[in-house]
Amino acid sequence: MRNTFRGGVHPKDRKDLSRSAPLRSYDATGEMVFPLAQHIGKPAKAVVKKGDRVLVGQCIAQADGFVSAGIYSSCSGVVKAVEKRRVISGTMQECVVIDNDGAYTPVASWDVKTDPATLSREEILDRVKNAGIVGLGGAGFPTHVKLMPKDPDGIRYVIANGAECEPYLTGNDQLMRTEAKTILEGLEITLRLFPHAVGVVAIEKNKPEAIEAMTQAARGMDKVQILPLPTKYPQGGERSLIQVIAGVDFPVSKLPADVGCIVDNVGTMYAIARAVQYQEPLFTHVLTVTGEAVKEPQNLIVRDGTSFRELVEAAGGVKDGVELKKILVGGPMMGMTLGSLDVPVQKTSNGLVLLNRDGSEEAQAQMTACLHCGRCTTVCPQGLMPQMMAEAAEAGDLERYEKKLYGLECVACGSCTYICPAKRPLTQTFKQVKSEIMAKKRAGGK
Amino acid sequence: MNTVLNLSPGPHIRDRWTTRYIMSVVSLALMPTAIVGVLVNGLHALLIILTSVVFAVGTEFLFDKVAHRPDTWKDCSAVVTGLLLALSLSPSVPLYIPALGSIFAILVAKCCFGGLGKNFINPALAGRCFLLLSFGRTMTDFPLDGVSTATPAAALMAGEAVNVTRMFLGTAGGVIGSSVLALMVGGLILWSMDIIHGQICFSVLGGFTLFVALFGGQGFDPRYLVAQICGGGVVMGAFFMATDYTTSPVGKLGQLIYGVIIGVLGGVFRIYGTAADSFSYSIITANLLTPLLETYIIAKPYAYRKAALARQRGEERKPFYQRIPRPVIALVIITLVAGVALSGVYSMTKDTIEEQHRAAAAAAYVAVVPGAESFTTNSDIDSAMEALEGGIYGSDFGRVTINEAMIGLDAGGNVVGYAISVTTADGNDGDITLTLGLNADGVINGIAFTELNETPGMGMRCGDPEFTDQFEGVSVSRFTLLKSGGSITDDTIDAISGATVTSAAVVNAVNAGLDFYESHMKGGSVG
């Protein structure tokens with residue numbers, strides 16, 4: 001096993017801001033908004049209409065097809081509307097809006113524990129599917145699909161991803177410290193689906209308490225290994241983890257399961273444990289509210305559909321005397337900027353970061369011509385040549401970009417843009433070129 | 001909090017390093033070299049450096065203004081160019097030289113091709129070569145302690161001895177930035193900070209060293225190799241010029257090839273070329289090859305490399321070193337061991353061989369000047385030998401050189417005779433070296449061969465008394481060779497039958513020695 005993946009960068013992790021804030025639940029007070037498209041695949045189909053009364057944990061939208069996931073209410077109240085609302089991406093999307101009555105009356109108690117050992121493979125997968133679980137690492141791929149690969153016997157590693165390599169975010173750190181046992185139960189349940197696999201919990205070394213807690217909880221489990229990893233971005237990328245743990249590099253056209261790996265975020269593992277043991281659907285998850293512009297950084301268990309504005313207030317609001325320059329959902333490397341705080345939390349939202357500096361704006365002011373320094377090539381975790389790709393893109397040579405430089409292998413981790421001393425917007429260019437090439441391919445039939 | 005903030009794609013944080021920061025660090029890394037250069041060469045060197053930098057930055061500033069381009073002069077890259085150009089100049093050049101060089105470097109080589117990141121050859125080297133071509137004499141005038149001398153690299157090319165320690169410290173003459181120690185300090189700092197690529201600087205040094213070791217004619221003699229590396233801008237080229245970002249490849253493999261090209265070309269120019277500062281040209285040549293390397297040498301992403309493809313299929317692929325056939329490894333090891341052993345034996349026995357040559361010569365001197373206890377020279381002989389510079393002696397003796405001419409003294413310090421060592425290249429099978437001995441009155445005592453490798457039974461018979469005795473006990477100024485025999489007078493020599501070429505060569509060598517004796521030694525004494 002190699003010590004670390006190739007390439008990568010070392011941004012300041014800034015986790016001290018929120019590292020020690022204990023996990024606490026936050027119950028929203030205002031209306032709750034549930035976008036129907038929170039996952040990769042087909043959007044869910046709403047099964048409630050205006051005026052319906054719903055309870056906590058009640059299904060309000062059903063999975064539409066195999067690669068899709070259901071959506072469950074996180075509050076009790078009356079459906080106000082099913083209409084287009086603004087979401088994180090800045091676009092208007094179909095949403096279920098619920099007038100929250102603040103009582104949080106649950107639809108079931110979820111306190112009867114089933115021993116997973118008594119459940120068949122199909123029953124486990126059913127329970128995961130019926131809980132609407134998606135990958136909580138950020139991509140939001142429906143988990144039941146991930147757990148049903150073509151060749152379950154060929155899976156060698158089930159990796160619980162607790163790397164949390166994005167700077168600022170500490171939610172998974174706190175979750176591992178407080179819910180180590182449940183996370184490992186989730187991992188063991190997953191391992192039941194793959195008889196030839198071993199479990200690995202990957203944690204970056206900047207989370208010693210989490211490593212300690214997980215190691216304690218894993219004592220006596222012979223198929224589970226806790227793996228501390230060097231602190232380096234993008235350590236938590238599934239390709240980086242597989243490169244280290246299974247020693248395999250694979251193209252973007254393949255899935256981790258194709259090379260014998262299943263990677264799930266520790267938060268997803270927690271959700272799997274709750275879903276399989278108690279049949280509790282996914283409607284809460286951990287989210288870090290942090291950043292230099294936040295008064296009291298928090299690690300919260302938030303309910304889906306909560307407005308981000310409420311979360312800022314839950315963290316004491318914007319720090320006095322600090323100018324808020326940027327709002328991010330997710331970490332600063334791959335997260336998205338928010339134009340407005342009046343958008344709802346989705347299943348995959350793992351952080352709200354309020355910054356007093358705008359790195360992109362500063363970079364734009366410092367931008368020079370490309371130096372050919374080769375730093376981007378050194379840090380690219382995929383082994384690509386970003387400088388040449390950018391040159392080819394600028395010259396409009398898409399043939400060279402795709403065929404000679406393998407430009408479509410870019411996973412948009414942002415390492416090259418981060419390290420570039422000339423402050424070139426590399427990742428942005430690659431995203432654009434990728435969509436351009438994909439559009440051309442679709443137009444051309446194949 | 002209600003205003004829409006700047007929306008942008010990730011990443012939203014950036015590394016601290018900027019273009020300006022990198023260029024400033026490179027400038028700082030050149031400071032030790034500049035300081036040593038000024039300390040060694042005096043204030044004029046400082047003026048050269050300042051002129052060069054000011055004109056470099058000024059040219060870029062003016063170009064920005066005239067061409068309405070963003071203020072690129074602020075990125076400090078022109079400072080690096082100015083510094084590099086100044087450090088590669090002789091400390092005696094008039095100030096218009098760095099000024100013109102900087103203007104050419106920035107305006108023509110850099111700005112006209114689009115500025116930073118777009119130039120196709122290293123601007124500093126372009127400036128330097130422009131100056132070399134335009135002001136050849138001024139550029140190659142290198143004073144040391146007030147006297148124009150050859151640079152250490154030029155001395156090396158001429159096969160002369162150099163002081164490696166002084167070259168290392170930077171006090172042996174040459175350009176302003178010739179302190180290898182200071183250059184290495186700066187270069188290694190840049191390397192450890194990951195600013196310059198080890199793939200380039202070390203492959204340049206490695207390629208150059210290997211080439212010089214293989215083709216320099218002195219094997220792996222460490223003193224020779226260190227002297228070659230320390231001279232002629234090799235270190236500055238490897239650490240500061242070859243590593244220029246814009247004109248070197250981006251990929252690791254490309255960088256390695258690029259570096260080796262520079263090193264090998266530098267070695268070729270150094271050993272077979274005429275100009276001592278040819279490292280500039282080897283870097284520029286490699287600069288021109290960079291676009292080609294960039295086009296064709298593209299590393300595949302990790303997922304598409306052979307090992308990864310095998311692993312994706314579930315196979316294990318042995319690492320590279322395990323896939324080399326065993327006989328190949330064995331052969332390489334044997335070759336290496338033999339090579340190292342040979343060069344080791346050579347350098348170990350080199351001194352012994354020379355000693356034996358000297359001993360043989362000394363023995364020959366004694367043999368042809370009986371009664372001599374010691375041998376010495378005088379000022380006439382010394383100046384005559386110096387004037388010869390080891391070249392061909394006279395015009396009618398063939399390819400003859402005078403190796404040494406000595407006066408033999410007895411125990412009391414009285415002159416008892418003269419010995420002259422002569423080599424002719426006209427032998428049938430290589431060089432023939434003989435010592436001619438005369439007594440104090442100019443009568444020939446005889447000749448003794450110290451090097452004779454002619455054909456046995458033919459040319460070799462020139463060593464027989466039958467032939468050599470003919471030279472003994474006579475006092476003549478020139479012998480004549482009779483090819484068909486029949487010598488009756490003192491000044492005629494019968495050729496060895498069947499070996500007239502060798503005989504003629506020997507007679508010519510003896511005549512050359514006699515001529516030297518007549519002109520510079522006759523009646524000479526010590527004093």
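Trainee: How many helices and strands are there in chain B?

Mentor: Before counting, keep in mind that this is a predicted model. Chain B holds 20 helices and 9 strands.

Trainee: What radius of gyration does chain B have, and what would a compact globule of 527 residues have?

Mentor: A compact globule of 527 residues would come out near 24 Å, whereas chain B has 32 Å. Along the principal axes, the C-alpha atoms of chain B fill a box of roughly 125 × 65 × 40 Å. Of the 527 residues in chain B, 44% are buried, and among contacts with a separation of 6 or more, 68% link residues 24 or more positions apart.

Trainee: In what order do the 5 strands of the open sheet in chain B stand?

Mentor: The general idea is that strands of a sheet pair through backbone hydrogen bonds, either parallel or antiparallel. In chain B the order is S3-S4-S5-S6-S7, and the pairing is antiparallel. Strand S3 (374–376) and strand S7 (444–451) of chain B are the edge strands, each pairing on one side only, and the twist from one strand to the next averages 30°.

Trainee: How many bridges join S3(B) to strand S4 of chain B, and how many join S6(B) to S7(B)?

Mentor: S3(B) and strand S4 (residues 400–409) of chain B run antiparallel and are joined by 3 bridges, with B:Thr376 standing opposite B:Ile407 in S4(B). S6(B) and S7(B) also run antiparallel, joined by 6 bridges, and there B:Gly437 has B:Gly446 in S7(B) as its bridge partner. The hairpin of S6(B) and S7(B) has 4 residues between the strands, and in this hairpin B:Gly442 takes a positive phi near 90°.

Trainee: Which strands of chain B does helix H17 lie across, and which does helix H20 lie across?

Mentor: Helix H17 (residues 326–368) of chain B lies across S3, S4, strand S5 (415–427), strand S6 (430–439) and S7 of chain B, and runs at about 165° to S7(B). Helix H20 (residues 500–521) of chain B lies across S4, S5, S6 and S7 of chain B, at about 140° to S5(B).

Trainee: At what angle do helix H4 and helix H5 of chain B pack, and how far apart are their axes?

Mentor: Two packed helices are described by the angle between their axes and the distance between the axes. Helix H4 (residues 96–110) of chain B packs against helix H5 (residues 123–134) of chain B at an angle of about 125°, with the axes 8 Å apart. That angle makes H4(B) oblique to H5(B), and the crossing is right-handed. Residues making the contact include B:Leu100, B:Phe104 and B:Ala105 of H4(B), together with B:Ala124, B:Gly127 and B:Leu131 of H5(B).

Trainee: How many of the residues of helix H12 of chain B are buried?

Mentor: In helix H12 (residues 234–241) of chain B, 8 of the 8 residues are buried, so the helix is largely enclosed by the rest of the structure. Among them are B:Met236, B:Gly237, B:Phe239 and B:Phe240.

Trainee: Turning to chain A, in what order do the 6 strands of its open sheet stand?

Mentor: The order in chain A is S1-S14-S13-S17-S15-S16, and the pairing is mixed. Strand S1 (23–26) and strand S16 (336–337) of chain A are at the edges with a single partner strand each, so one side of each is left without a neighbour in the sheet. S1(A) runs parallel to strand S14 (residues 298–303) of chain A, the two being joined by 4 bridges, and A:Ser25 has A:Ile301 in S14(A) as its bridge partner.

Trainee: How many residues of chain A are in contact with chain B?

Mentor: Contact involves 58 residues of chain A and 39 residues of chain B. On the side of chain A that touches chain B, H9(A) gives the most, with 5 residues.

Key
Residues numbered from 1 in each chain as written. Chains lettered and ligands numbered in written order. Predicted model: local features only at pLDDT ≥ 70, side-chain atom pairs only at ≥ 80, totals over all residues. Rg over C-alpha atoms; globule rule 2.2 N^0.38 Å. Buried ≥ 20, exposed ≤ 12 C-beta atoms within 10 Å, placed from the backbone. Contact = placed C-beta atoms within 7 Å. Pairing = 2+ DSSP bridges. Axes fitted to C-alpha atoms, helices over the stretch in contact; angles between N-to-C directions. Parallel < 35°, antiparallel > 145°, perpendicular 65-115°, else oblique. Left-handed = near helix turned anticlockwise from the far one by under 90°.
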